[in-house]
Every structure is written in structure tokens, then in C-alpha cells.
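The stops below are to be taken in order.

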Amino acid sequence: MSTEGQPFPFPSIYSFPPFFTRQPNSQTWTSQLSLWSSLILGYCRYNRIWRIDLNTAIEWDLFSNKEINRSLKLDTCREILDSMVKKGNAEWVSGSGRDAADKNLSAIIFWRRPEEWANMIADWIDSTGQRNAILTFYEISDGDLSFSQDFRGIDATILRKALDILVRRGQAQIMRSADGEVAGVKFFGVQ
Amino acid sequence: MRFWRPIELTAAHRPVLYDDETDILVQNSVGIYEGRSRLPEYQNGRIYLTSHRICYVDVASPLSHSVAINLPEVKTAQYTARFLKSSPKITLHFSEETYSASASPVYPSSTSATPDASTTSLINSESTTLSLSLISSVAWICPICSFANHFASSYRPDISPIPACITCGVKPPEAVIKDALVEGGIGHGAASPTNDDGGPLAATDADGLACPKCTFVNNSALRFCELCGARLQTSTLNLSDYLIDKTEARKESYLPFSLNGERSKYALPIQEEILMYVKLSFRSGGDKEFFERVRAVLTDRTWLQNASRRKQESSIIVVNKELMNNNMKPEEGSPKPPLTPSFGIHALQRINEREREDNKDLMGSLSDLQSLMTKARGLVALAENFAVRLASSPGVPEEARRALRESSNALSLSSPIVTKEMAGGGNNEIYHAELARQLAEFLQNGVLKTEGGIITLFDLFALYNRARGISLISAKDLRDACEMFETLKLPFKMRQFKSGLIVVQEVAKADGIAVTMLVEWVATAQRKPYEEDDGVTPQDVSQHFGWNVGVCVEELETALEQGKLVSDAVVGGTRYFVNIITSYIWDWKMDIFNEKSGEVANAIDLTALEEELPNANANYMKFSSAYKSPTNVHQAMLANGKSLL
């Protein structure tokens, strides 16, 4: 699916210098937020990025266009991610930092919603005949059978969210080991 | 109206002044009278005292109801204090001979009223001589020795020099002579002599007239008291008055009268109405000061001083002009011929002399500020003279002409400066209103044009004060004056930007127009694809529109707030672009992954934006057409990326 080696095809708005400045007009800013959110989702999906750590991500070409020598400010960046979190497209990861400034620096990007992931995993289980089998989390994200799947290398947090949805639907069950740790998941298949 | 004549107004509703006429005083809420009759439509206006005239500018309808009287025709001024409900008034008496001599040619209506012009002039001159012949009977009391002097029969009021006292040889103050003339009835319209008949026109009583000095009742035919020889207070009928007033509204009240001298035999009880004076009624104070100034003007005869200076100056200009353009038709543009004919060597000498003086002026005035101040007037005249010369000589580049015109504009105001003293009694409101009017004139004289239609208050402050040269105004006065633009219905207004920057602009130019103009221009100035130093800076805007940079920033920020422009904050400053963000549509899943989805970034209503942002919309159209088919998307993206490189 992903075109390896090819750089991400940025939309033309990416070359529009004011795109990297937080616009004071609220309507413009709303549009700008929406465009940025799309851009981040697209970029992350294209490059299969699950988490954005702003400390390093701010240097990415996603947030700074070398051609026109413009880059997004950290604050603006955080504001954009915040709006994505509100829309359900991302989630802050409570980092190790103690103070508030350090806190919201890392975010999980849901370039697919957990529901989509849940459906995708369920379909994959069906198509590969793994119904009623017990799989570890690792097997789902990095196992041999999931090699060509979209959720290959999926972030553990997202995976857990997706599986939780399946559990709620009654399609899976989380298996715990004796010491209470999550060991794997059992799929029941679609009735 | 006989005495009040219509006048021209400037756009700011101030009277247009003659060359060298200067404003002296302004007063609000004044009503005017002619004779005893109150002029109903002229009861609330501003009264301007100038060196030549007293102008009345109506508040309600300034264009149709603005009139003036000429001060040279005024003989004396009288002051009546407030009495119960009656406002204080200033009565201005007209001297009959100057009035009747000058009135008929000035009055346009009089031509239709007088079928035979020669008759009129004959009568006029007759009545003039008559009134003058009586002057010898008038006595003035010398303030030094109290001797009652008689005027020489050749004495002409306002023309002849002031006579010296026969006994002590001291010349009296002019006021004494004037008072005497008024008392003697020469300056007093009501007491001027009779007409050609010499008949008993002034029979107010059937019995006769009581002498004002000895109270003896004389026969009404007599003009001097039989007993004491004092002048009797006879009312007269001035023939010219009839001629002039024939078309006036009041003519119905007159008795039938024909030009060939046949007069109705009836008595003329309305004579008192034909009074040779006008009254100014001061409804809101300022009367005393006005009166003092009027008296000072009448005593100084400011109009004469100015006139003589003008004569000198114009003669010089005429000489210069003639010599410069030999083939120019003589006297076409100049109404007055030079005072002395100048030909040959004499003229050349005069030119040389003049040039030497000019050079001296130039060199001397630039040596220090003090001398520049004293010679300012001369220098301005020189600059104007030079402008005239330059304008009439061929082969001068247009740029030089324009530069000169502008510089001379900046050097002086078109009208004399408004000072606090001018506004009656230092009344701030009147002062600021006048200041606002002059500012409006100043702005209209091309100042606002060179500033691109918007001028900041501090630029205006600097320019206006430079134009004033002396007695500069304070920033507060300027601001107060500008605040009155709208109440005075002047075509300018003050506008405050969010940051607090205050500008003055034309009323016709709504706030939105500047922004629209700006956005349109920014759209044309943009390059595509974008580069690092793309966009528009306030400096660029300033260069293009001629606005002050501060104004540009404010206008750009306004456009930004309205969402018509977007900003690009970089280290070097903020750059501005047309807003394409709001109308940009990007379906990322479709574009990159060729996937159908309901999620379209920026799905907002575009129809509202279409009219506002034609350019941005065109932009959008381009994109949407390029991405119409999903298969094109990737190539288009890549192509776009390449073109960006």
C-alpha cells in the first residue's frame, strides 16, 4: 500500500507560507486546523507513524518546509494536536514529564479510528482462519501472518483500544496470565 | 436685500476670501437684520469678520443663504447691549454716498430695475454732491481745545485727510470726525439730504420738525433750524434706493413712482424703513469682542492697506510676465495694468533691481530662522511668482512643475490661518469648528491625494503645522477639530484603528473599500508558486498606495481579521497573502491513498466566499479540476511538487 522510498506527496497548501503561521481570524484558523489535521493524518499513514513526539517531530518535513523556509511553532503544533485530540483523531500520551509544559508533547495519531482497526483485525482473523485461536499482541502487530496488513507494527495502545472494542462486541476476549498480566486475545469470530 | 450680497463659499463652508483678505474673527449663532426688518431665513449662522467684509454663513442652508456686506461701505458701528429679551446687537451704518455710488453697478437686479442707466447714474451723482455740499455745515469738536471746527466744503469723508483743528492745529482722532459726521447726518442714512427737488419730502408731522438742539418747531420744508442753524433730523428719500429696491419684495409697500421725476403727492410715511443700516444680533455672546474688532477694522481700514499692497505686487508680476513672454497678448490675464508704464532701459533696470532684491531675500532669509520668519511672506510670494513663470514658459518638464506646485502648496495655506483669537472670545468650540473647516480645505487641496486618501493624525499634524508656519496648533486642538468633521458635515472623518492609531480619511471612502482595494492588489502582487520571500509587506503596500506604513499595517490587520488575507510571520516581519486557506479543499484519503471517504478537510460552505475572494476561488477551481479524477491525483501532486522545486 505505501509507496516506499517515495516522499510524501504534500498538498499545494504546504507551500503556502501563511499555512505555517497561526491565523488570527477564527474562521481561517478553523480551516487551517482542519487542513493540518488532514495533513498530519495523511503523513502519518503514508509513513506508518503511530506516535508523534513533538520534541523530535517538530524537525520533520511535516512541520517545516525547507523550500520556503517556514516551520510550525511548537505551540501552534500543540494546538493543532489538541484539536485533533478533541475530534478523536489523536490522543495525548501522558509522558514522563512532571510539569504541564512537558506533558502534552507526545501523541498517538489515529489515522484510522479504533473502530476501523477493530473491523480490520476481525476481517483479518476471519480471512486467515484464526477464529477461536489465541493470539498474543505481538503476533497481531508483528506476527508472520500480519506482514502485509495495514495494522502491521500497530502501536500497542491503539491495538488495545481496537481489541477492547472487539471485546465489547463479544468478538474477542482478553486472556490474562496467572499474575493478571494481559497475555493474549482470543477471537470468537463473527456470528 | 440691499446691503447683504450673496457670496461664494469654499467646500468647507467658509467664505472664499479675496487675495490678501484675512479672517479676523468668527462668531456663532448670529442673526442678521436689514434696517429694522429681521431677515427670517438668516437667523442662525456664523459671522466672519474679515479685513474686507462681514460675512454671514447660514448654518441650515449655507449654499443659498450666505451673504456679506463690504466694510468699506460701512460708515460706523454702534453697539446695543442686551436689553431684557433682546440680544445684544451691533448696528452698522452705511455711508450713503459710497453705498449709492457703488451699489447700482454691483447689484445684478438693479440692471433690470433701471431701464435707463444714464438716469440712474445722474441721480446718484446728484445726490452724492448734494450730500457733500452740506458737509460744511457740520462741525466737529476738537478734543484738545474744544473748538467747534467746520469741515471744508471740499472735504470728502473717507477720502480726504483728517483736517487739523483751526485753533490749536492738532489733528483729532478719526473717531471724532466720524462721530461728528454721523451726528451731522452725513454718515447717517436716515438723516441725509433731500433729492433734486429740494422739496419737502420729510414731513413726518403736519406741523413741522422740532429742532434737536433748541426744540424750535420749524417748517417741515426747512433743513436747518431757523433759530440756531442746527441741522434738522429730516428723513430723506434717496432716489437710488427706489431704483434698486424695485424688484425687491418690499416694493409693494412703496408708493407708485416713476423715473421721470413725477412723484406721488402722498406723504411718505414709510421712509423710516429705508434705513441705511444693518444689524447683527448675537444670540450666544461674543458681541463685545466682535464690536471692538469691527471698530478697529473700520479705523484701520484694513482693506485699503491690503489693496495697496496688492496693487504693488500685481504690477511687479505683470511687468515680469510681459518681459518674459514678448508675444503674449498684453493684459489678457491681468486685470490691472502696471502702475507705471515700463519700457526700454527703465524696465530692464527695474527687473535687475527686482532680481537683486529677490536674491538678497533668498540669501538673507536662509541665514537663520529668525530672518526666515520675518521674510516668510516675501519668500512665499517669490515662490509663487516663480511658479507662474515656470508654468507659462515652455520646455519645463512636467515633474518639475508638479514638484514646485506641491512645494508651494505645502508652504502656505490657501486661506489665512485660523487662530484662537479669531474664534469669538476664545470659545473653544468655535475655534475647533473653524480649525476643522480649514483642515478640510487643507486636505482637499491635494494633501490627502498625495497621502493616498488616508493620512494619520500625526502626519496631518506635521503637514498642517508646517503649512501654518506660525502660531502652531497643539495636538489636542487638532484632534478636537478632527472630531468635529462629522458634526460639521465636512467630507472627512476621523477613524481609529484597533491599535489606537488615528487617521483622517474621506467620508466617501468607507472602511471596507480600502480593504477591498488592498486584497485585490495583494492578489495581483502574488507569485505562484510561492517562494520564500513571497507575499506582501506593509512597506510594499505603503509604496503602492502611498499610505503611511502605520496605516498599511492597520489596514492589513483589518483585512486579516476579516479573513480576507492571511499572515505569514517570519523573522523579518509579517508578510500577507490572499486567504486561500479558508477555501482550500483537500480530501487527503482520496488524494494520497485513493480511498473514498466522507472526511473532507475544510468542508465549509464555499458559496459565501465566492464573491469575496475571486482570486482564491480561482485557485480552488484549479485544484479541484486537477484532482477531479483519482488517477490524476498522484501525477498532479508530483507535478505540483516539481513545479514547486
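Helices (H or I, at least four residues) and strands (E, at least two) are DSSP runs, numbered from the N terminus. This is a predicted model, in which local features need pLDDT of at least 70 and side-chain atom pairs count only at pLDDT 80 or more, while totals for chains, interfaces and linings use all residues. Residues are numbered from 1 along each chain as its sequence is written, chains are lettered from A and ligands numbered from 1 in the order in which they are written, and side-chain values use heavy atoms, with hydrogens and water left out.

**Chain A: overview**

Select chain A, which holds seven helices and eight strands. Of its 191 residues, 51% are buried; buried means under 20% relative accessible area, exposed over 50%, and partly exposed in between (1.4 Å probe, protein chains only). Of the contacts (heavy atoms within 4.5 Å) in chain A between residues at least 6 apart in sequence, 57% join residues at least 24 apart.

**Helix α1 of chain A**

Select residues 26-46 of chain A, the 21 residues of helix α1. From first C-alpha to last the helix reaches 30 Å, close to the 30 Å expected at 1.5 Å a residue; the expected span is 1.5 Å times one less than the number of residues. Is α1(A) enclosed by the rest of the structure or exposed, and why? It is largely enclosed, because 18 of its 21 residues are buried.

A:Asn25 caps the N-terminal end of α1(A), with a side-chain oxygen 2.8 Å from the backbone nitrogen of A:Gln27. After the helix comes A:Arg48, whose phi is positive, near 50°.

**The loop at A:Glu59**

Move to A:Glu59, in the loop between α2 (54-57) and β2 (64-65) of chain A. A:Glu59 is exposed, with a relative accessible area of 58%. Not counting residues up to four places away in sequence, A:Glu59 touches A:Ser64 and A:Lys66. A distance of 9.4 Å separates its C-alpha atom from that of A:Leu72, 13 residues apart along the chain.

**Helix α5 of chain A**

Select residues 114-127 of chain A, which form helix α5. This helix has 14 residues and reaches 20 Å from its first C-alpha to its last, close to the 20 Å expected at 1.5 Å a residue. Colour its buried residues: A:Pro114, A:Trp117, A:Ala118, A:Ile121, A:Ala122, A:Trp124 and A:Ile125. Seen down the axis of α5(A), these buried residues fall within an arc of 160°, so they line one face of the helix; the arc is that of the directions from the helix axis to the C-beta atoms. An α-helix has 3.6 residues a turn, so residues three or four places apart point the same way.

The buried residues of α5(A) pack against β6 (134-135), α6 (137-142), α7 (156-169) and β8 (182-187) of chain A. On the other side of the helix, A:Asp123 and A:Ser127 are exposed. Just after α5(A), A:Gly129 takes a positive phi of about 65°.

**Chain B: overview**

Turn to chain B, with 21 helices and 18 strands. Buried residues account for 46% of its 645 residues.

**Helix α12 of chain B and B:Glu434**

Select B:Glu434, in helix α12 (residues 428-450) of chain B. Is B:Glu434 buried or exposed? It is buried, with a relative accessible area of 1%.

Its side chain makes polar contacts (pairs of N or O atoms within 3.5 Å; within protein, one must be able to donate a hydrogen and the other to accept it, and residues adjacent in sequence count only if both atoms are side-chain atoms). One, of 3.0 Å, is with the side chain of B:Arg14; another, of 2.9 Å, is with that of B:Arg437. Leaving aside neighbours within four places in sequence, B:Glu434 is in contact with B:Arg14, B:Val26, B:Arg46, B:Tyr48 and B:Val418.

**Two loops of chain B**

Select B:Ser146, in the loop between β9 (139-141) and β10 (148-150) of chain B. B:Ser146 is not a glycine, yet its phi is positive, near 65°. At 53% relative accessibility, B:Ser146 counts as exposed.

Finish at B:Thr215, in the loop between β11 (209-210) and β12 (217-218) of chain B. B:Thr215 has a positive phi of about 65° although it is not a glycine, and it is exposed, with a relative accessible area of 59%.
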